[in-house]
Amino acid sequence: MALTQAEYELAYEQLNRHPTKVELGIIGALWSEHCGYKTSKPLLKRLPTTGDRVLQGPGENAGAVDIGDGLAAVFKIESHNHPSAIEPYQGAATGVGGILRDIFTMGARPVALLDSLRFGPHEEEAQRHLFDGVVAGIGGYGNCIGVPTVGGEVYFDESYRHNCLVNAMCVGIIEHDKLTRAVASGAGNSLLLVGADTGRDGIHGATFASVQLDDSSEERRPAVQVGNPFLEKCLMEACLELAGDPRVVAMQDLGAAGLTSSTAELAHRGGCGIDIDVDRVSRREQGMNAYEVMLSESQERMLLVVAPEHVAAIQERFARWDLHSDVIGTITDSAHMVIREAGVVVCDLPLGMLIDEVPLRHPETLRPSGLGTLLRKDPLTGQMPWTTGEALLRLLHSPNIGSRRPVFRRYDHQVGDDTVMPPGGDAALVRVRGTRGAIALATDGNARFAVLDPRVGAAIAVCEAARNVVAVGATPLAVTNCLNFGNPEKPEVFWQLQEAIEGIAEACRALDVPVVSGNVSLHNDTNGISIDPTAVIGMVGLIDDVERRIGAGFVADGDLVGVVGPVLAELGGSEYQRLTAGVNEGARPELDLKLERRVQSFVLEAHAERLLKSCHDVSDGGIAVALAESCILGGRGAVARIQELVGVRTDTSQVAGILFGESQSRFLISFDKEASMPLQELAGRHRIPLSELGRTGGGHIHVDLAFDVDLKQAREAYETALV
């Protein structure tokens, strides 16, 4: 049930009686961490959620922002971590199905999917099994339903050995006046359940997601839902036909806790009550009782509120798509959830108790005792095990940096024919039909920094997601987030969560990107071992003219190459340090949010003035990896000099710090020689550093004082990282 003894006693006190079995299941689901957000809710109030473009903030199935021309982008990110750890294919597939329903239940047509994945060490067979299953599940569901998976990220680290993370994001487009809310109204209106018949799959899915895993978790496989993308395709098209139809009072998908959460939230948002007769719910398994029907998380189901006189017409619309529908109850003015089975009331609970009075938890906070020791260590004083050239090739071959082509080639990222910039660059671009513009999409997160400083690490995730969008020439609009943390009852974990939310809030305010939706996934523990704090950010941006987009690859020989932003020698929290020393320690990179804003503004203005030929965010692996990636993506080499950047010190550690350090607020750009002076003047106006490195061209990646690597050798290392 995921209830403590104290919570059970509170329920007894509020009801002045013992709850029935059905009531206990409902209370357990809606008071669970997954549905009730009882640990994170007070913290989430600190996030900025409003802005000039915000049409719908947190509290609905998804957020929505204005993108001009009377259109809105609707988007959200969700987790399906625990199910994927037990059953990777179906766990990931139904995660995709669930996030798709969050979008089209708002009336928006899904146009893009993204993901953010974390697994244990890639070299281990068990982790590759999880990885392959999850990727297959995402591809299988998205490909079948016809929504392109256009971007994402994947990382491998010891922290996720027992708790993989599977976060799925979906973005849709809709006309403003067709936005559909999940707010019931009108006592006497009918409650229509549409889609798949209800089975026993997914029972206790919400509570399963609210507890830590252990050695017996495999026994919970029945709590994992089973998806049918072909049925969901029909459901999606039928619901989109009804978007904006005045006969549909409200629409709500069935996700976590199934009928329990969908009916309770739908009615409570409208200040109504609800009366359900479970005998009217079509089932695919015999002998199911009210408890099982209410808590089933069978997929591909939707709930509608319709006036009685329109029910037959709406049912006929669904029947055209071969979708079965049942009238299973009515809206009331009682403010109670009433459930009947065989004519007997088996549940009568006040909705305020289930939604507003979720008992909040306020765990103690404690900064991890060993953190100070980690931060004081200086990676620049350590022994460098490889030459800088060897280090570059090893980084390019790292499963955390190398090409993701083996992943995204399993996804149909061109279905729908609106994907303008596919996976493999900084951000994906998806054309907005009927306009000249496109939306830019990216997901980002970096637990290496968050372990050392959760607040700054989470802020960096926001900034990097924004830089990815800016790199293609788009202006960041808004954020959705997925907060993946361990057991918050541990003071150290709750401290991490609190600090991360503060970091996200600070970065979003600094960049003027509100948080319009999101998800919290806690209890990512196995046998008491927590994952590293992993705040994943989904960013949506807008470019007014898709023809003016720019990519990360160098486009011509003889162009100048420059670094926008600070150039420092630092290795704390870097992928280079993890790869060379097998540790994550040292001072994490500094983050100046005012500088970050100026750097992004510089790039957008330079792009608007058509001064840039290419642009690439400098992140994992530092300047050296960014340079190599731009060479690989553009199919041409480069000659760069760092003597001026290094100064008088030319020892290996200093050079490595300059090349592989992951300082923030940086882009790698290429441009014509004639643009050099205007760019320097623009950089001066924005008060940011702009360092010229060298030129594009040739068949090698050459950096003075460091390495001369054959481009073919670099490409081979990069392309085979996940093979």
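Colleague: Which strand is joined to S4 by 9 bridges, and in what sense do the two run?

Modeller: Two strands pair if DSSP finds at least two bridges between them. Here S4 is joined to strand S6 (residues 165-175), and the two run antiparallel; Arg-109 stands opposite Ile-173 in S6. Strands (E, at least two residues) and helices (H or I, at least four) are DSSP runs, numbered from the N terminus. This is a predicted model: local features need pLDDT of at least 70, side-chain atom pairs count only at pLDDT 80 or more, and totals for chains, interfaces and linings use all residues. Residues are numbered from 1 along each chain as its sequence is written, and side-chain values use heavy atoms, with hydrogens and water left out.

Colleague: In what sense does S4 pair with strand S5?

Modeller: S4 and S5 (residues 149-156) pair in the parallel sense over 7 bridges, and Asp-115 stands opposite Gly-152 in S5.

Colleague: Why is S4 described as largely enclosed?

Modeller: Buried means under 20% relative accessible area, exposed over 50%, and partly exposed in between (1.4 Å probe, protein chains only). In S4 (residues 109-119), 10 of the 11 residues are buried, so the rest of the structure largely encloses this strand.

Colleague: Is Met-353 buried or exposed?

Modeller: Met-353 has 2% relative accessibility and therefore counts as buried. This residue lies in helix H13 (residues 351-355). Contact means heavy atoms within 4.5 Å; leaving aside residues up to four places away in sequence, Met-353 touches Ala-11, Gln-14, Leu-15, Ile-27, Trp-31 and Val-358. Met-353 and Trp-31 are 322 residues apart in sequence, yet 9.5 Å apart in space, C-alpha to C-alpha.
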